[in-house]
Amino acid sequence: MPNEPLVLGIETSCDETGVALARGFELLRDTVASSVEEHARFGGIVPEVASRAHLQAFGPTLQASLDAAEVSLAQVDAIAVTAGPGLVGSLAVGLAAAKALALALGKPLYGINHVIAHGLVDQLVHAAFDGPVLTLVVSGGHSSLLVIDGAEVRQLGETLDDAAGEAFDKIGRLLGLPYPAGPLIDRLARDGDPAAIAFPRALTRPQDLVKHPYDFSFSGLKTAAARWIEAARDDGRDIPLADFAASYAEAVADVLTAKTVAAARDEQLGTVVIGGGFSANSQLRDKAAERCAAAGLDLRVPPIKHCTDNGAMIAAAGAHAIRHGLSPSSLTIGADSALPPTRLVA
Ligand code: KG4
Ligand code: ZN
């Protein structure tokens, strides 16, 4: 569609330097450089290391994306960049680059909300949203239930403590698995019995549902799992890794999907979108497919490469903001690690 705006999307909120080009919701190129291996030996992301890696990777990643898409900077109509939430030092690298480009090219700047963008990226894969959609965003830092309705975003619920991905990474550390442990636990879980260990499902009792119908909590689950490991080690028993992982993954997927389906039903929404790095999780994907089908909901989950952090999600969010008439950001916006999940453009 030649009339759609050519949007340059820039993502630097965590450990991935992402640059993408999209014409409307047609993705031309998505280029990602990751510093994840530089953090592995520390068992988690080191903000200083991440910022420096963005500085080194940004120029080459931008050039690679432009070259592969066969477009020049002069053809870009708008620049979208993650403004938050995320690591402030890392966000600042992308924002500085985006502002410089916007100023030099005389093109509008859209400071994008990273969490909402994890849902909007689906429009590059499936069709543009033609009405409100229920969105579950699950990542290393977030677990949120949102209603995205054009330019408006409402948050129905979120995690009160750990994010889903974080709960996997932390328990992985206790098991001695390398960071990030999420994908490894996923793989182990495929060979295990999800009913082997009865892990708790927080905020699902009727009395909890009154106050927290759509909120999540994973810290109790993590503690229960940590105690289970400790008790097994005290008794000199081996941890049955596959059964343990399967039961743990089942507890997380069960609560996430039960609340998502309930929210779609209560809000009378027919489409459910799941995004964010944790939506790569196969136990979550399988359970969401099963429960959405049973409830007659249309489930959209982008392919894994679009679920982890990337520039494509930010380009998609920029195209979405333009399509729905949102105003560009001021060139004076700063990195905002607490950008509310109801605000798409900073
Ligand atoms: O969205 P993302 O790339 O970064 C953040 O914005 O946080 O999400 C990364 C998170 C990590 O916690 C990682 O362990 C988790 O997603 N993750 C997974 C899987 N793939 C990534 N967790 C469980 N199963 C997976 N297959
Ligand atoms: Zn993310």
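Figure 1. Helix 2 (residues 47–69) lies across strand 1 (6–11), strand 2 (16–23) and strand 3, and runs at about 25 degrees to strand 2. Helix 12 (residues 311–323) also packs on the sheet, where it touches strand 1, strand 2, strand 3, strand 4 and strand 5; the direction of helix 12 makes about 135 degrees with that of strand 1. Contact means heavy atoms within 4.5 Å. Axes are lines fitted to C-alpha atoms, for helices over the stretch in contact, and angles run from 0 to 180 degrees between N-to-C directions. Helices (H or I, at least four residues) and strands (E, at least two) are DSSP runs, numbered from the N terminus. This is a predicted model, in which local features need pLDDT of at least 70 and side-chain atom pairs count only at pLDDT 80 or more, while totals for chains, interfaces and linings use all residues. Residues are numbered from 1 along each chain as its sequence is written, chains are lettered from A and ligands numbered from 1 in the order in which they are written, and side-chain values use heavy atoms, with hydrogens and water left out.

Figure 2. The open sheet of 5 strands has the order 3-2-1-4-5, with mixed pairing. Strand 3 (26–34) and strand 5 (109–113) are the edge strands, each pairing on one side only. On average, neighbouring strands of this sheet are turned by 20 degrees against each other, direction ignored. Strand 4 (residues 78–84) and strand 5 run parallel and are joined by 5 bridges; here A80 stands opposite Y110 in strand 5. Two strands pair if DSSP finds at least two bridges between them.

**Figure 3. Strand 1 and its two partners.** A hairpin through 4 residues joins strand 1 to strand 2. These two strands run antiparallel, with 6 bridges between them, and V7 has A22 in strand 2 as its bridge partner. With strand 4, strand 1 pairs in the parallel sense over 4 bridges; the partner of L8 in that strand is I79. Because 6 of the 6 residues of strand 1 are buried, the strand is largely enclosed by the rest of the structure. Buried means under 20% relative accessible area, exposed over 50%, and partly exposed in between (1.4 Å probe, protein chains only). In a regular strand the side chains alternate between the two faces of the sheet. In strand 1, L6, L8 and I10 point one way, and V7, G9 and E11 point the other way.

**Figure 4. The surroundings of ligand 1.** Ligand 1 is surrounded by 19 residues, of which the closest are G140, D169, D186, G277 and N281; a residue is counted as near if one of its heavy atoms lies within 4 Å. A polar side-chain atom of D169 lies 2.6 Å from an oxygen atom of ligand 1, and a polar side-chain atom of D309 lies 3.2 Å from an oxygen atom of the ligand. An N or O atom in the side chain of N281 is 3.1 Å from a nitrogen atom of ligand 1. A polar contact is a pair of N or O atoms within 3.5 Å. Of the 550 Å² of accessible area that ligand 1 has on its own, the protein covers 88%; accessible areas come from the Shrake-Rupley method with a 1.4 Å probe.

**Figure 5. F278 in its loop.** F278 is found in the loop between strand 9 (271–275) and helix 10 (282–294). At 7% relative accessibility, F278 counts as buried. Not counting residues up to four places away in sequence, F278 touches V138, S139, A164, G165, F168, V252, L256 and L284. F278 and E166 are 112 residues apart along the chain, and their C-alpha atoms are separated by 9.2 Å.

Figure 6. G84 and P85 are joined by a cis peptide bond with omega of about -10 degrees, and P85 is found in the loop between strand 4 and helix 3 (88–105). The peptide bond from Y179 to P180 is also cis, with omega near -10 degrees. P180 has its place in the loop between helix 5 (164–174) and helix 6 (182–189).

Notes
A polar contact is a pair of N or O atoms within 3.5 Å; within protein, one must be able to donate a hydrogen and the other to accept it, and residues adjacent in sequence count only if both atoms are side-chain atoms.
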